[in-house]
Structures are given as structure tokens and as C-alpha cells.
Amino acid sequence: MAFYDQTITIANGQTTTDAVDTGLLSTHGKTQLVGISFPATMTSTAMTFTAASTSAGTYTTLKEVGGASNYSITVSTSSRIPLDPRVFVCCPFIKCVGGSSEGGARTLTLHFREVQ
């Protein structure tokens with residue numbers, strides 16, 4: 001099983017990344033988002049996600065499996081956090097949304113695995 005990483009950035013003073021292809025439509029073959037790494041300088045303490053069917057589509061809040069609440073993770077600086085891949089199976093494109101504006105540009109690393 002192959003793995004690959006993709007870096008994305010939250011711009012200075014912002015909370016949201018640009019759109020990310022989660023791998024459902026990827027040129028890398030079928031992939032699945034399984035984790036995210038945060039830099040030591042990360043300001044936000046929580047992260048949610050929005051999703052759309054196309055890169056330029058209308059992004060809506062991504063919910064937990066079952067839809068009861070927003071899918072949210074606790075941000076930990078200088079760490080790698082696993083994500084529940086079931087949450088992202090219906091999301092060709094996502095944006096990561098920090099809980100607070102960042103005090104500088106923050107580079108996050110998304111971790112993907114190849115699926116058959």
C-alpha cells in the first residue's frame with residue numbers, strides 16, 4: 001500500500017486553506033485521506049472541514065458519520081493526527097478550517113494512502 005503527503009497552507013490572518021483534492025478524483029489513483037500534521041507554530045486549537053463536489057463548488061460543513069455534529073479534531077502543535085477516513089469518502093474536495101485566525105502562514109501536511 002502506497003502513501004503520499006500533500007502540503008497546504010493557511011495564510012497569515014486566515015482560518016481556511018485552499019481546496020484540496022482528497023484523492024477520489026486524484027491523478028495518483030484512488031487515495032484516501034488518513035491523517036494531518038501540524039507545525040509547531042499552529043495557533044488554532046481545533047479544526048473542522050468543509051466539503052464540495054468540485055474544487056470551485058459550494059463548500060458546506062462536514063459532519064460526523066451519522067450527521068449529528070460537525071467533524072472536528074483537536075489541533076496539537078508539532079504532531080501527526082489520524083483522521084477517520086469514513087468521514088471523507090463522500091468528499092472529492094475539502095478545505096481545512098482552523099478555529100482561530102493564524103498569526104502567520106501555517107503549512108499543514110495531509111497524509112493519504114492508496115486504496116484499491
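Two rings of Phe, Tyr or Trp (for Trp, the six-membered ring) count as a pair if their centres lie within 6.5 Å, and a pair is called edge-to-face when the planes are over 60 degrees apart. The model described here is predicted, and the structure holds 4 aromatic pairs.

**Aromatic pairs**

- One of these pairs is formed by phenylalanine 49 and phenylalanine 88, whose rings are 5.3 Å apart from centre to centre and, with 90° between the planes, are arranged edge-to-face.
- Because phenylalanine 49 belongs to strand 4 (residues 46–52) and phenylalanine 88 to helix 1 (residues 85–88), this pair ties together parts that are 39 residues apart in sequence.
- Tyrosine 71 also forms an aromatic pair with phenylalanine 88, and this pair is edge-to-face, with 5.5 Å centre to centre and 90° between the planes.
- Here too distant parts of the chain are linked, since tyrosine 71 sits in the loop between strand 5 (60–61) and strand 6 (72–74), while phenylalanine 88 is in helix 1, 17 residues apart.
- Taken together, ring pairs join Phe49, Tyr71 and Phe88 into a cluster.

**Burial of the cluster**

- Phenylalanine 49 and phenylalanine 88 are both buried.
- Phenylalanine 88 has a relative accessibility of 3% and therefore counts as buried, the limit for that term being under 20%.
- Tyrosine 71, with a relative accessibility of 6%, likewise counts as buried.

**A charge over a ring**

- Lysine 95 lies over the face of tyrosine 59, at a distance of 4.4 Å from the ring centre.

**Salt bridges**

- Side chains of opposite charge can pair when their charged atoms come close.
- In the whole structure, a search finds 2 salt bridges.
- Arginine 86 forms a salt bridge with aspartate 84, and their closest N and O atoms are 2.7 Å apart.
- Of these two residues, arginine 86 is exposed, with a relative accessible area of 54%, whereas aspartate 84 is partly exposed, with a relative accessible area of 24%.
- Glutamate 102 forms a salt bridge with arginine 106, and the closest N and O atoms of this pair are 3.0 Å apart.
- Glutamate 102 is buried, with a relative accessible area of 2%, and arginine 106, at 10% relative accessibility, also counts as buried.

Notes. Residues numbered from 1 in each chain as written. Predicted model: local features only at pLDDT ≥ 70, side-chain atom pairs only at ≥ 80, totals over all residues. Heavy atoms only, no water. Phe/Tyr/Trp six-rings, centres within 6.5 Å; stacked < 30°, edge-to-face > 60°. Helix = DSSP H or I, 4+ residues; strand = E, 2+ residues; numbered from the N terminus. Buried < 20%, exposed > 50% of the residue type's maximum accessible area, 1.4 Å probe, protein only. Lys NZ or Arg CZ within 6 Å of the ring centre and 35° of its normal. Salt bridge = Lys/Arg side-chain N within 4 Å of Asp/Glu carboxyl O.
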